[in-house]
Amino acid sequence: MSVFDSPTPGADAVRLAEAETAITALETQVAANATSAGAAVAAEVTARQAADAALTTALNAETDARATADQELADQIADETAARVAGDALTATKAAQADAKIAELEDVRVDMVAAQEGAEAVVAAGATILAAKDTAVAAEAGAVVAAASAAETAAEFSDAFVNEAVPDAAERRMFAIRNRAGFVMFSLWQTADGFSLRGPFGQWDLAGDGGSLLAANGAGISSFEPGDDYVFRVVNRLGFVLFKIDKTGALVGLSDQVAEAVAAAGFAPKASPAASSLPTHTDGRGLHALRGKLAKILQSGAGRARIAVTGDSWTEYVAIPQQLATWLRTLYGDAGGAWLSVQNQSGGPYTLDSVTFSKSGWTSYDASADGAPGTNGCAPDGMRISTTGTSATLSYGAVPCDSFKIFYKDTTGTFRWRVDGGSWTTVTGGGTDALAAVTISGLSAGTHGFDIDCTGNAGTVVIYGAHASKAAGVGVEMLKMGNGGLDGTMLATFASSYIQPIATSIGSIDAVIVIMSTNDYRRSGTTPELLVAALGDLVTAYRAANADTGFIFVAPALSGGTVVTAQSAYRDAIYDFCIAGGHEFLNMHDLWGSYASENGAGMWTDSLHLNNIGAYRLGRELSHRFLEF
């Protein structure tokens with residue numbers, strides 16, 4: 001059948017029914033979709049409305065906050081503006097007050113200038129009047145003194161002078177003491193009642209018996225009385241002599257130069273400065289190189305500080321060097337090392353650390369007994385030994401070292417050495433006559449023995465000494481280089497020529513402690529001036545070996561020898577030498593009491609030398625004042 005053929009009536013009805021059913025279903029679906037879409041749209045509209053409401057609320061809150069902030073800013077600006085206006089007004093007021101004060105001060109300054117000019121004119125006029133008056137007073141005083149001297153002895157001068165009659169209501173100035181500016185510091189006036197001392201702190205009246213000077217205003221000067229070496233003196237409350245007039249009529253006092261040096265360095269005079277106005281010690285600034293090495297030892301545990309002790313028997317005898325060495329080693333460690341002399345005082349040995357010593361068959365030279373050293377020279381301690389024979393021997397035992405250097409003169413002689421009894425090594429000189437040395441190194445740790453003999457010698461052998469050392473030693477190395485019996489004239493015979501060569505060969509000596517004058521003060525052939533001249537040669541020699549070597553000079557304590565020149569004269573000369581040269585000074589002379597007192601306290605082994613207790617005390621004083629931090 002063709003598609004154009006008409007369907008049968010029954011079939012069409014069925015199809016129509018199906019179509020209507022489909023249409024109904026479609027309409028139902030459409031209605032359902034429409035309902036769903038409407039609900040969704042309604043929900044979205046509601047959400048958007050809620051969001052718009054929240055946004056509106058937030059915008060309103062922000063607007064309110066900004067409005068509040070703007071108002072607060074406006075209020076702050078207003079407050080600051082008001083404060084600035086008030087501050088400007090206050091500044092203007094203060095400026096006006098300052099200008100007024102400046103003007104007032106300028107008026108005062110003008111008045112003061114005028115007053116000063118007037119005062120200067122008055123002072124000038126007064127000075128002219130006083131000069132004339134002083135001339136007259138000096139003439140009168142001279143006449144009075146002459147009369148008193150003729151009538152009384154020097155010790156009675158003060159009483160005679162006090163008791164001279166003076167007309168009632170009369171007073172006259174006998175003398176005045178002025179400073180550099182011409183200001184009267186003290187003046188002595190004679191009155192009808194006696195004498196009065198006047199000065200910038202009040203007036204003091206002298207009692208009629210000449211026994212004391214009393215302060216009328218309670219300020220107090222402690223004494224004003226005749227003594228062994230003065231007619232009178234003025235002493236302050238600390239016991240310091242301000243000035244005195246000696247029995248020649250000379251005015252004696254602390255010089256300006258000494259006073260300025262004492263003030264600048266911070267020195268303190270001793271407690272009884274009538275005997276000495278010198279400091280007990282200087283401040284140590286000349287020991288900068290030594291102190292640097294000591295600091296390195298303490299901080300890093302490395303390095304060596306080499307200290308030489310030299311002078312007379314105080315430094316040849318072992319007590320002082322040993323006590324000082326033992327103490328310093330407890331502080332900084334023991335670097336080992338020693339100078340081993342070729343001499344030995346009777347009853348020795350005088351070596352550090354119980355090193356043994358023996359010799360035989362030598363001719364000895366000692367600067368303290370044998371004059372100038374001649375062409376064979378000597379060691380820094382002023383000693384040497386020599387021989388032209390073959391039987392001479394020299395031995396050192398129990399030497400703590402790992403290196404041993406023998407110093408000798410390079411003659412044509414021959415000597416041998418050995419270590420710990422081992423095989424001999426021969427040294428034959430080259431004939432240059434110069435200083436020479438043989439070094440024995442690489443020895444084991446511990447102590448060693450060294451022997452020297454002259455087997456096979458056909459010339460002259462000259463030995464100066466030996467330097468024992470430890471190559472890796474850390475701490476303090478002590479070199480004992482004293483010479484018993486030495487004085488200044490003897491030191492002068494070798495110091496300038498024979499110290500420097502061996503000192504250079506030993507190595508940097510960081511400090512030299514020098515103790516001398518115990519022999520000098522007992523002898524007539526030397527003087528303080530000769531001693532310090534020789535000390536100057538010693539300094540030059542050690543400084544030629546090491547420019548940074550520092551020096552400590554000790555003025556010894558009062559000992560029990562027969563006095564030719566007062567020990568205080570040597571103390572003063574050594575002090576002046578130290579101040580002039582920038583060296584350190586220890587005033588043991590004034591730090592210690594009299595010989596009788598200190599000997600009673602157990603400090604001395606005889607009338608000239610300290611025992612171990614005294615040596616320990618001196619060693620601690622040296623350490624405390626110069627060698628510790």
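Colleague: Where is Asn519 found?
Modeller: In this predicted model, Asn519 is found in the loop between β22 (511–515) and α10 (528–545).

Colleague: Is Asn519 buried or exposed there?
Modeller: Asn519 counts as buried, because its relative accessibility is 5% and the cut-off for buried is under 20%.

Colleague: Which residues does Asn519 touch, not counting those up to four places away in sequence?
Modeller: With those sequence neighbours left out, Asn519 touches Asp312, Gly485, Leu486 and Asp487.

Colleague: Let us turn to aromatic rings. How many aromatic pairs does a search of the whole structure find?
Modeller: The search finds 12 aromatic pairs. One of them joins Phe404 and Phe450, whose ring centres are 3.7 Å apart. The planes of these two rings are at 5 degrees, so the pair is stacked.

Colleague: Where in the chain do Phe404 and Phe450 lie?
Modeller: Phe404 is in strand β15 (residues 403–409), and Phe450 is in strand β19 (residues 447–453). The two residues are 46 residues apart, and their pair links distant parts of the chain.

Colleague: Why does Phe404 count as buried, and what is the relative accessible area of Phe450?
Modeller: Phe404 counts as buried because its relative accessibility is 0%. Phe450 has a relative accessible area of 2% and is buried.

Colleague: What about Phe553 and Phe577: why is that pair edge-to-face?
Modeller: The planes of the Phe553 and Phe577 rings are at 90 degrees, so the pair is edge-to-face; over 60 degrees is the cut-off for this label. The ring centres are 5.2 Å apart.

Colleague: Which parts of the chain does this pair tie together?
Modeller: Phe553 lies in strand β23 (residues 550–555) and Phe577 in helix α11 (residues 567–581), so the pair ties together parts that are 24 residues apart in sequence. Phe553 and Phe577 are both buried.

Colleague: Which residues form one aromatic cluster with Phe404 and Phe450?
Modeller: Phe357 and Tyr396 form one aromatic cluster with Phe404 and Phe450.

Colleague: Now for charges. Which ring does the charged end of Arg617 sit over, and which one for Arg620?
Modeller: The charged end of Arg617 sits over the ring of Trp592, 3.7 Å from its centre. For Arg620, the ring is that of Trp327, and the charged end is 3.7 Å from its centre.

Colleague: Finally, the whole chain: how many helices and strands are there?
Modeller: The chain has 14 helices and 24 strands. Of its 629 residues, 40% count as buried. The chain exposes about 31000 Å², and carbon and sulfur atoms supply 58% of that area.

How values were computed
Residues numbered from 1 in each chain as written. Predicted model: local features only at pLDDT ≥ 70, side-chain atom pairs only at ≥ 80, totals over all residues. Heavy atoms only, no water. Phe/Tyr/Trp six-rings, centres within 6.5 Å; stacked < 30°, edge-to-face > 60°. Helix = DSSP H or I, 4+ residues; strand = E, 2+ residues; numbered from the N terminus. Buried < 20%, exposed > 50% of the residue type's maximum accessible area, 1.4 Å probe, protein only. Lys NZ or Arg CZ within 6 Å of the ring centre and 35° of its normal. Contact = heavy atoms within 4.5 Å. Areas by Shrake-Rupley, 256 points an atom, 1.4 Å probe, with all protein chains shown as cover.
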